[in-house]
Amino acid sequence: MPQTKRILITDAAKETIDTLRRRFGNELMFHQSGGCCDGSSPMCFEKGDFKVGSQDVWMGKVYGCDFFMSADQFEYWKHTQLTLDITPGRGSSFSIEIPMGIRFIIRSRIFTMEELENLEPILTGEEYLEQEA
């Protein structure tokens, strides 16, 4: 049985990532900090423009992009499957899609007991960096 993905993506978000890749290159990443206001929304960066570390969790790849979340935020979301989506409107973050008049958002649902037993593994930010080195 395949492992349960922690993060999914909508077609609209895929189209946005494709547009961003044409503008910025193929290497993009996401981070969701858990800060206030727009800080709790997922932010898209060119890979390496946001420094991850021991207080971040790598949740896997979504549409070829690494997805990280702050460890504190992950504690709240670890029982949910996330879906990366797009909504109209400008956020007030540093995410690279903001000038397009849209922003990334997260939709979520609680994992079933069976899914919880079969989740894809996570890495700490430090483990991810060691693996990349």
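How many residues lie between β4 and β5 in the hairpin that these strands form? The legends below, which describe a predicted model, begin with that hairpin.

**Figure 1. Strands β4 and β5 form a hairpin.** Two residues lie between the strands, and in the turn Tyr 63 has a positive phi of about 55°. Strand β4 comprises residues 56-62 and is mostly covered, with six of its seven residues buried. Its partner β5 comprises residues 65-70; the two strands run antiparallel and are joined by six bridges. Within this pairing, Asp 56 stands opposite Ser 70 of β5. Strand β4 is also joined to β8 by two bridges, again in the antiparallel sense. Here Val 57 stands opposite Thr 124 of β8. Strands of a sheet pair through backbone hydrogen bonds, which may be arranged in a parallel or an antiparallel way.

**Figure 2. Five strands make up an open sheet.** The order of the strands is β3-β2-β5-β4-β8, and the pairing is mixed. Strands β3 (43-46) and β8 stand at the edges; each has a single partner strand, so one side of each is left without a neighbour in the sheet. Four bridges connect β2 and β3, which pair in the antiparallel sense. In this pair, Met 29 has Phe 45 of β3 as its bridge partner. Helix α1 (residues 11-24) packs on the sheet, where it touches β2, β3 and β5. The direction of helix α1 makes about 120° with that of β2. In a regular strand, side chains alternate between the two faces of the sheet.

**Figure 3. Gln 32 lies in strand β2.** The strand spans residues 28-32. Is Gln 32 buried or exposed? Its relative accessibility is 1%, and because buried means under 20%, Gln 32 counts as buried. Gln 32 and Ile 86 are 54 residues apart along the chain, and their C-alpha atoms are separated by 14 Å.

**Figure 4. Tyr 128 forms aromatic pairs with Trp 58 and with Phe 68.** A search of the whole structure finds five aromatic pairs. The ring centres of Trp 58 and Tyr 128 are 6.0 Å apart and their planes lie at 25°, so this pair is stacked. The pair links distant parts of the chain, since Trp 58 belongs to strand β4 and Tyr 128 to helix α4 (residues 125-132), 70 residues apart. Trp 58 is buried, with a relative accessible area of 15%, and Tyr 128 is buried as well, at 5%. The pair of Phe 68 and Tyr 128 is edge-to-face, with 4.9 Å from centre to centre and 85° between the planes. Phe 68 lies in strand β5, 60 residues from Tyr 128 in helix α4, and this pair too links distant parts of the chain. Both Phe 68 and Tyr 128 are buried. One aromatic cluster is formed by Phe 30, Phe 67 and Phe 104.

**Figure 5. Leu 116 is in helix α3, and Asn 118 is in the loop between α3 and β8.** Helix α3 covers residues 113-116, and β8 covers 123-124. Leu 116 counts as partly exposed, at 30% relative accessibility. Setting aside residues up to four places away in sequence, Leu 116 touches His 79 and Phe 111. Leu 116 and Arg 6 are 110 residues apart in sequence, yet 9.7 Å apart in space from C-alpha to C-alpha. Asn 118 has 17% relative accessibility and counts as buried. Beyond residues up to four places away in sequence, Asn 118 touches Met 1, Pro 2, Gln 3 and Thr 4.

How values were computed:
Residues numbered from 1 in each chain as written. Predicted model: local features only at pLDDT ≥ 70, side-chain atom pairs only at ≥ 80, totals over all residues. Heavy atoms only, no water. Buried < 20%, exposed > 50% of the residue type's maximum accessible area, 1.4 Å probe, protein only. Contact = heavy atoms within 4.5 Å. Pairing = 2+ DSSP bridges. Axes fitted to C-alpha atoms, helices over the stretch in contact; angles between N-to-C directions. Phe/Tyr/Trp six-rings, centres within 6.5 Å; stacked < 30°, edge-to-face > 60°.
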